[in-house]
Structures are given as C-alpha cells and as structure tokens.
Amino acid sequence: MNKTGLLMTAVALVASGVWAQDDNQLVINGEIEIITDAPAPEYISGLDTIYSGWRFRQPAMQQLEMDDFENPASLAIDDAVEQWSMVEGSEGKSCASCHEDVEDSMAGVRAVYPKWNEGAGEVRTLANQINTCRTENMGAEAWKYDGTQMTGAEALIGMQSRGMPVNVAVDGPAHETWKKGEEMYYTRYGQLELSCASCHEENYDNYIRADHLSQGQINGFPAFRLKQNRLIQTHNRFKGCIRDTRAETFSPGSPEFVALELYVASRGNGLSVEAPSVRP
C-alpha cells in the first residue's frame, strides 16, 4: 500500500467526530447570530450540508469566539483600528480619509470577496484590494500579503460583516477563475498525493491523529490559530496545507491561491461571516 493508502486508512479507522452534528449555535457577544450550517450550494456535489469550522471545535474553544473580550484576536483588531486612521504615503491619506467610519463603510464587504474587479479585469481578494488602495490611492507601500498588518486589516473589515451570509459570485467573468480553483481543490499534491477534498470533503468530521477535520470553510478567516499563536490569513493556511502534503507550495497572493480562495469561499455560500474566528 502506498503512502496515500496508508494515510487514508488511518483516517478511516479513527472514530468519527461528534461536534459537527451537535446543536451548538454561535452567538457572538450575545447578539450577533451566526449561521454555522446551511444547505450546500448546488454546484458542490460532494456535500449535502455545509458547516462552519466552529462546529468542529470543542466547547472550550467555541467559547473563545463567542465573546470578543475572550477572543485572542482582539489585540490584532485593536492595532488595525489604529492603523485605519493612520496617515501614510505621498498622498497624505489614511483608510479613513476615503472610507470614513469602518463600521459603516465596510459592512457587507467581506461577504462578497473574492470578487471580479471590472477595471482591473481580474478577480481580486480583499488583500489585493487593500494593497491597491494603499499603492494607488494613498501612495503608500504595499503590505506583505499575509503579514501582520494585512491580516489585522482583513480581520477588522471582516468583523463588519459578521452575521451576514457569504455570497461570493461564481458566474460571469469570475467563472473562469472559479473553475481553476475548483480544479486545484481536487488536484492531488505532494508525496502523500492528497487534495483539499481528500480531507475536507471525503473525511471531514473524522480525526487524523489529534486533528479533527473540518470542511475547510473560510467564512471565519482571518482566524486566530492557537497552534501558531497569531492571527493568520487564508493563503497562509492554504500554504500550510499544501506543505503538509510534502509538496512545493504556492505563494500567498499568487494567481493559484487567488483562484483557490474564490472556489473555497464559494463552498461556504450561505454560512455567516464570523471573522475573526478561533481555530486550533
């Protein structure tokens, strides 16, 4: 039996999890109701119901996300709030100069990204758009794609859409990129010959060693990952997953990861935005 067969056998032999099927419901700060399960979008053939990664966590970790005072991502959010009003670049502008109050101007934004940008003729992630604003409107340097400042800014913007359903467009001019992401999702990588679907579609709710496999939904990203003790971005997690297959991975912000983000985001259409989440 090859390495793939051994790994898949190991996954299959471990007892199935129970958390995804429980009745736990996520309400943040006692008022923001989060949809953590929904019917799978019609273009997803391998799932009947989609679940937020929150549903796969044990109660103590679930609790961390239910109160912003307990959420370890709060320090990064505080820094991002300061950054929002910080003047940078040759144009003497801050984010607030154009967008004013983040709560009003960014409401609903996270729910529709990645999205097609007509002027640029490409699909853009939220990070792409943030850096475009910095370089073209502020005259400031672009941030590292998955760096601390970018990830905090994404989390702050994401918070303004919490409770709103993910509604990423997969048709029209974005469809070609979406198809590339779909192909990538089912492509086996590395010495272990694993695809995204191997874990997150075919074996979700099982354990692989101590890791309880979720469906890999990204409605909660950026996420504070306890293993890394910091807030991480979607492409950082993609990079880690591909690296774990013992393959040479792609770079954050690469066309490959932009396409994959569009596809994976669309798999969560109907779940609520819940960023910043807490994950193991």
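## Briefing on the predicted model

The model described here is a predicted one.

**Backbone geometry**

- A cis peptide bond also joins Ala275 and Pro276, where omega is about -5°, and Pro276 has its place in the loop between α11 and β11.
- Asn29, which lies in the loop between β1 (26-28) and β2 (32-34), has a phi near 55°, a positive value in a residue other than glycine.
- As background to these entries, most residues other than glycine have a negative phi, and most peptide bonds are trans.

**The sheet of β10, β9 and β11**

- Three strands form an open sheet in the order β10-β9-β11, and their pairing is mixed.
- The edge positions belong to β10 (230-232) and β11 (277-279), each of which has a single partner strand, so one side of each is left without a neighbour in the sheet.
- From one strand to the next, the twist averages 40°.

**Helix packing around α11**

- Two packed helices are described by the angle between their axes and the distance between the axes.
- Helix α8 (residues 175-185) packs against helix α11 (residues 255-267) at an angle of about 85°, with the axes 7 Å apart, and α8 is therefore roughly perpendicular to α11.
- On the α8 side, this contact is made by Thr177, Trp178, Lys180, Gly181, Glu182, Met184 and Tyr185, while α11 contributes Glu256, Phe257, Ala259, Leu260, Leu262, Tyr263, Val264, Ser266 and Arg267.
- Sorted by class, the contact of α8 with α11 holds 9 nonpolar, 3 polar and 4 charged residues.
- Helix α10 packs against α11 as well, here at an angle of about 105° and with the axes 10 Å apart, so that α10 and α11 are roughly perpendicular to each other.
- Thr234, His235, Phe238, Lys239 and Ile242 of α10 make this contact together with Phe257, Val258, Leu260, Glu261 and Val264 of α11, and by class the residues comprise 6 nonpolar, 2 polar and 2 charged.
- Phe257, Leu260 and Val264 of α11 are named among the residues in contact with α8 and also among those in contact with α10.

**Helix packing of α3 with α7**

- The axes of helix α3 (residues 74-84) and helix α7 (residues 148-159) come within 8 Å and cross at roughly 90°, which makes α3 roughly perpendicular to α7.
- Across this contact, Ala76, Ile77, Ala80, Val81, Gln83 and Trp84 in α3 meet Gln149, Gly152, Ala153, Ala155, Leu156, Ile157 and Met159 in α7.
- The class count for the contact of α3 with α7 is 10 nonpolar and 3 polar residues, with no charged residues.

**Cavities**

- The model contains 2 cavities of 30 Å³ or more, and the largest cavity has a volume of about 120 Å³.
- The largest cavity is lined by 14 residues, of which Arg110, Leu126, Glu154, Thr234 and Glu261 are the closest to its centre.
- The elements that give two or more residues to this lining are α6 (126-138) and α10 (234-244).
- By class, the lining of the largest cavity divides into 7 nonpolar, 4 polar and 3 charged residues.
- Thr234 and Glu261, which are among the residues closest to the centre of the largest cavity, also take part in the contact of α10 with α11.
- The second largest cavity, with a volume of about 40 Å³, is lined by Arg110, Val166, Gln217, Ile218, Asn219, Val264, Ala265 and Gly268.
- The lining of the second largest cavity is made up of 4 nonpolar, 3 polar and 1 charged.
- Arg110 lines the largest cavity and is also in the lining of the second largest cavity.

How values were computed: Residues numbered from 1 in each chain as written. Predicted model: local features only at pLDDT ≥ 70, side-chain atom pairs only at ≥ 80, totals over all residues. Heavy atoms only, no water. 1 Å grid on protein atoms, 1.4 Å probe; cavity = no way out; pocket = protein on both sides within 12 Å on 5 of 7 lines; lining within 4 Å. Points joined across faces, edges and corners; volume = space filled by probe spheres on them. Helix = DSSP H or I, 4+ residues; strand = E, 2+ residues; numbered from the N terminus. Nonpolar A, V, L, I, M, F, W, Y, C, P; charged D, E, K, R; others polar. Pairing = 2+ DSSP bridges. Axes fitted to C-alpha atoms, helices over the stretch in contact; angles between N-to-C directions. Parallel < 35°, antiparallel > 145°, perpendicular 65-115°, else oblique. Contact = heavy atoms within 4.5 Å.
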